[in-house]
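User: I have a model open and want to learn how to read its features one by one. Can you take me through it?

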Amino acid sequence: MIGEWGDGSQEEVAPSGGRRGFLKTSAAVAAGAGLFTVGPGAAPGLAGERGGGERPPKDSGRPGRRYIIRGGAVMSMDSRVGDFAMADVLVEGKKIVDVRPGIRAAGADVIDARGRIVMPGFVDTHHHQFETALRGTLANAVLFDDHSGSPSAVPNYADYVLKRFAPVYRPQDVHINVLFSGLAQLDAGVTTVLDTSQIHHSPQHSDASIQALTDSGRRSVLQYCEGDLRAESRYPEDARRIRHQWFSSDDQLVSMAMGGEFYSSDEELYSKAWKTGRELGLQIAAHVVSGSGVRPVVDAFAKGTAGSGKDLGVGSDTLFFHMTGVSDTAWKRFRDAGVQVSMAFPIEMAMRHGTPPILKMQELGMQPSLSSDVETTMAPDPFTLMRSALTMQRMLVNEMILEQGDFTPPNQWPTPAKGTPELLTVRDVLRFATLNGAEHLRLGGKAGSLTPGKEADIVLLDATALNVTPLNNVPGTVVSLMDRTNVETVIVAGKVRKWKGSLVDVDMNGLRRELEASRDHLFSAAGVKQDLFG
């Protein structure tokens with residue numbers, strides 16, 4: 001259950017009982033002064049505990065293996081659990097067992113979290129991971145060619161990525177791009193992703209993409225999308241094989257969603273995709289973007305009259321990206337139907353997708369999740385996403401409030417008029433980036449908060465680093481001050497994947513060479529000249 005917008009702490013809300021503030025008044029938390037000054041020595045431990053040193057817990061994530069993350073500033077994103085200036089998190093196997101100060105667990109290994117912020121891993125609900133080798137190539141680009149002849153129009157995303165580069169991807173290119181992207185985001189604390197995989201040219205491309213998601217060791221959702229629709233693509237029919245072969249169990253780290261794009265003119269194709277996805281019990285995800293010409297189709301989906309049979313509509317199984325250029329009527333119907341919305345604030349602002357519709361969502365009592373979209377244009381780390389969401393919304397609302405006055409004393413600093421949207425807080429965007437993301441991917445029962453019984457997707461953020469110390473406010477520090485260099489330790493389903501600043505068991509040099517070789521092939525095969533200063 002999600003709290004209502006504007007209550008100041010809209011994490012998971014207990015059916016009854018009050019909220020607990022960040023600083024506990026218990027005697028246990030009074031000891032939290034040690035959080036702010038970290039001295040030498042082993043972790044604060046109890047009798048019978050092991051570790052707290054330079055190595056991660058042995059066999060983390062395996063059944064029966066226990067360890068304690070001890071002494072950190074714990075921000076659970078679950079009001080039933082609360083937040084603690086100093087507390088412990090007990091993990092057994094892949095699940096969180098307990099979150100509170102002074103946990104005793106004889107025989108458990110210890111992770112010293114003093115001076116660290118302990119919180120849920122971040123969730124990215126829309127990321128085109130196959131494009132990793134093309135990072136930064138379209139830093140100036142807009143989405144489509146506007147025929148201005150400007151550096152934003154040529155090259156543009158649709159012509160270069162989708163029409164020139166994507167068709168020359170081989171299965172091995174798909175694998176290294178998706179794998180490298182997954183590891184890079186894991187390094188930044190993003191423990192869950194929806195991979196918007198518009199590269200399914202053949203079953204071999206599909207299998208390479210899924211294998212890469214598996215190899216990354218990250219919680220991932222494959223969004224099975226069309227590729228270039230060559231004869232051997234088998235989209236969307238191959239969804240049945242993929243579901244049976246790769247996703248026969250719902251209790252695994254990698255799962256599946258159906259791509260239901262309707263920006264093409266092939267009504268029969270997207271109709272078949274939506275119906276196939278629903279027959280398989282899959283979430284349906286698609287782009288809704290200003291400038292793509294899909295507004296009439298979007299309105300038809302809102303009415304339940306879309307598709308070749310005029311019988312397709314939306315529901316709680318639907319996740320839309322961007323949601324720009326949508327009519328008020330469609331917005332209300334989508335809200336009522338339980339549609340989820342993923343917003344990529346930096347990309348939407350930079351690439352002319354339209355203004356991110358955060359104010360419309362607030363008006364309707366809806367909340368987004370956050371997504372990185374494309375690395376061709378912007379960094380995919382969660383700190384960029386959160387700060388972009390916060391500053392963009394506050395810019396719009398702050399200007400709205402200032403213009404309610406006349407810029408002249410005594411009306412130069414007006415009180416916000418009734419009906420003015422609330423300013424987003426750092427807590428709001430943290431929720432967008434964690435709990436909302438998990439909920440929007442149907443993973444709220446497994447991830448998104450530090451809740452006993454959920455799987456242990458956890459990040460430890462260094463609050464003693466030069467860019468953030470001294471620690472005065474946990475959510476403010478994470479959103480307003482931190483960057484990916486503060487991500488010290490990353491855990492997925494109980495398994496330590498990053499330890500003290502370095503990914504575990506990853507040959508980054510070998511993978512980088514493989515990615516560079518893929519890049520060279522893609523540019524050559526696409527007939528695009530590499531230009532480091534273009």
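**Reading the model, feature by feature**

Analyst: Start at Lys500, which sits in the loop between β17 (495–499) and β18 (502–503). Keep in mind that this is a predicted model.

User: What is the phi of Lys500?

Analyst: First the general idea. Most residues other than glycine have a negative phi, and most peptide bonds are trans. Now the case here. Lys500 has a positive phi, near 50°, and is not a glycine.

User: Is Lys500 buried, partly exposed or exposed?

Analyst: Compare the relative accessible area with the cut-offs: under 20% is buried, over 50% is exposed, and anything in between is partly exposed. Lys500 has 37%, so Lys500 is partly exposed.

User: Where does Met77 lie, and what is its phi?

Analyst: Met77 is in the loop between β2 (66–75) and β3 (83–92). Its phi is near 65°, again a positive value in a residue other than glycine. The relative accessible area of Met77 is 0%, so Met77 counts as buried.

User: What caps the N-terminal end of α2?

Analyst: For a cap, look for a side-chain atom that meets the backbone at a helix end. Asn156 does this for α2: a side-chain oxygen is 3.3 Å from the backbone nitrogen of Ala158. Then read the helix itself. In α2 (residues 157–165), the buried residues are Tyr157, Ala158, Tyr160, Val161 and Phe165. They pack against α14 (508–526).

User: How many of the eight residues of helix α13 are buried?

Analyst: Six of the eight residues of α13 (residues 474–481) are buried, so the helix is largely enclosed by the rest of the structure. Those residues are Val474, Pro475, Gly476, Thr477, Val478 and Val479. Their cover includes β2, β6 (116–120), β7, α11, α12 and β15. Asn473 places a side-chain oxygen 2.6 Å from the backbone nitrogen of Gly476, at the N-terminal end of α13.

User: Which residues touch the most other members of the largest nonpolar core?

Analyst: Count neighbours within the core. The largest nonpolar core has 112 residues, and Phe122, Phe262, Phe320, Phe334, Met386 and Val478 touch the most other members. Helix α3 (residues 171–187) gives the largest share of this core, with seven residues. Another core of 20 residues lies apart from it, and Val81, Ala87, Val91 and Trp499 are among its members.

User: Now charged residues. Is Glu455 buried or exposed?

Analyst: Glu455 has a relative accessible area of 6%, so Glu455 is buried. Its place is the loop between α12 (426–440) and β15 (458–462). Leaving out residues up to four places away in sequence, Glu455 touches Lys94, Lys95, Ile96, Arg219, Asp251, Lys446 and Ala493.

User: What does Lys275 touch?

Analyst: Lys275 is in helix α6 (residues 267–279). Leaving out residues up to four places away in sequence, Lys275 touches Asp311 and Leu312. The side chains of Lys275 and Asp311 are joined by a polar contact of 3.3 Å. Lys275 has 32% relative accessibility, so Lys275 counts as partly exposed.

Methods. Residues are numbered from 1 along each chain as its sequence is written. This is a predicted model: local features need pLDDT of at least 70, side-chain atom pairs count only at pLDDT 80 or more; totals for chains, interfaces and linings use all residues. Side-chain values use heavy atoms; hydrogens and water are left out. A nonpolar core is a set of buried Ala, Val, Leu, Ile, Met, Phe, Trp, Tyr and Cys residues joined through side-chain atoms within 4.5 Å. Buried means under 20% relative accessible area, exposed over 50%, partly exposed in between (1.4 Å probe, protein chains only). Helices (H or I, at least four residues) and strands (E, at least two) are DSSP runs, numbered from the N terminus. Contact means heavy atoms within 4.5 Å. A polar contact is a pair of N or O atoms within 3.5 Å; within protein, one must be able to donate a hydrogen and the other to accept it, and residues adjacent in sequence count only if both atoms are side-chain atoms.
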